[in-house]
Amino acid sequence: MTVSSSSGTLDSPATSSHDPADLPFVVGGQQFRSRLMVGTGKYASNAEMVAAIEASGADVVTVAVRRVDLDRSHEEGVLHHLSPERFFLLANTAGCYTADEAMRYARLGRAAGFNDFVKLEVIGDEETLLPDTAGLVEATRTLSAEGFRVMAYTNDDLITALRLEDAGAVAVMPLASPIGSGLGLLNPYAIRTIKHRLSVPIIVDAGVGTASDACLTMEQGVDGILMNTAIAAAREPLRMAAAMQLAVTAGRHAYLAGRMPRREVAVPSSPLAGMLD
Amino acid sequence: MMHTEAPGATIALTVNGEPRAIPEGSTLADLLGTLQLDPRLIVVEHNREILRDRDAYSTLELVPGDILELVHFVGGG
């Protein structure tokens, strides 16, 4: 399948539909097409945002809940640009610093009427945007009991991840590095450990900077990646979106294929026999 | 909505954190009409309670001191 973009110049490979050689990508009982999920923030224009999302092949897109600007001095809501029939709108609770505040935003997002998923964020620190993990676990437990399907943005701490799963999260979303930092995958070991120990899907959320980061992250065996700034802040967002789709697919295939063992010595690839005297 | 044009008493309420005066007897649907907001694209929180039934907007009469939050989806990560 070729994913069209508004420019019509970026061809995407046959990767955005489900790969029969892979397991279906299912989160909270909902099957998604692409293991790459993308945000809708920080684009230079709404037209560029839509074109980049199309180039990424993503079907899940995150959105934030904010007050309507009654003076219309800001841009219109994202629903004027993205069709809820075409994209799965995943409301986030970005900007919330307490469990109560995050739950209020989650309930407002659900009341929009599209689905009962929420990308739950409870931020604990303005400078690093690292999560308040205690508040996060509390909000996950309460919202899950209310029927939400909670995808919890967290740090790369195994114990928190286990507690989020126990609290009812349908997906745990550890960061590769801080939100918007583009520092890439800082602790592959921690991400691998979380993946090995949890049963729910692990979707790395935040920190990817470029395609190799996405590929390396997927090679750890995680189920998917959510990113925003790496695409939106690229010099050419459409091209980076297409690169990210390739990288996520490549990383997934490499993980499934199983890498060769690392060796500290060279091993020739060509036969030693048959050499001339 | 015609009656909102008529002169008469107004009531004071808070909409998205800002004070606002509307004609007495206005419903939520009247207010959204005045603000030119499509009810299908927003979510309304009325005195901290989320209104999940959009059909009820036309029967909800606003009273002095009401606090309304009108929210929608914007770009985010």
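Before the first pair of helices, one definition: axes here are lines fitted to C-alpha atoms, over the stretch in contact, and angles run from 0 to 180 degrees between N-to-C directions. Keep in mind that this is a predicted model.

Start with helix H4 of chain A, residues 158–166, and helix H5 of chain A, residues 188–197. Their axes come within 10 Å and cross at roughly 30 degrees. Angles under 35 degrees count as roughly parallel, so H4(A) is roughly parallel to H5(A). The crossing of H4(A) past H5(A) is right-handed.

Which residues meet there? From H4(A) come Leu158(A), Ala161(A) and Leu162(A). From H5(A) come Thr193(A), Ile194(A) and Arg197(A). By class, the residues of this H4(A)–H5(A) contact are four nonpolar, one polar and one charged.

Next pair. Helix H2 of chain A covers residues 99–111, and helix H3 of chain A covers residues 133–145. They pack at an angle of about 40 degrees, with axes 9 Å apart. H2(A) and H3(A) are therefore oblique to each other. Their crossing is right-handed.

On the H2(A) side, the contact uses Ala99(A), Met103(A), Ala106(A) and Arg107(A). On the H3(A) side, Gly135(A), Glu138(A), Ala139(A), Thr142(A) and Leu143(A) take part. The H2(A)–H3(A) contact divides into five nonpolar, two polar and two charged residues.

Now the contact between the chains. How many residues does each chain give? Chain A gives 32 residues and chain B gives 24. Together, chain B and chain A bury about 2500 Å² between them. Of that area, 59% lies on carbon and sulfur atoms.

On to charge. Side chains of opposite charge can pair when their charged atoms come close. Between chain B and chain A, the count is two salt bridges.

Over all chains, a search of the whole structure finds 13 salt bridges. Among them is a pair within chain A, Arg35(A) with Asp22(A). Here the closest N and O atoms are 3.2 Å apart. Where do the two partners sit in the chain? Arg35(A) is in the loop between strand S2 (30–32) and strand S3 (36–39) of chain A. Asp22(A) is in the segment before strand S1 (25–27) of chain A. The pair links distant parts of the chain, 13 residues apart.

Notes:
Residues numbered from 1 in each chain as written. Chains lettered and ligands numbered in written order. Predicted model: local features only at pLDDT ≥ 70, side-chain atom pairs only at ≥ 80, totals over all residues. Heavy atoms only, no water. Helix = DSSP H or I, 4+ residues; strand = E, 2+ residues; numbered from the N terminus. Parallel < 35°, antiparallel > 145°, perpendicular 65-115°, else oblique. Left-handed = near helix turned anticlockwise from the far one by under 90°. Contact = heavy atoms within 4.5 Å. Nonpolar A, V, L, I, M, F, W, Y, C, P; charged D, E, K, R; others polar. Buried area = accessible area lost by both parts, 1.4 Å probe. Salt bridge = Lys/Arg side-chain N within 4 Å of Asp/Glu carboxyl O.
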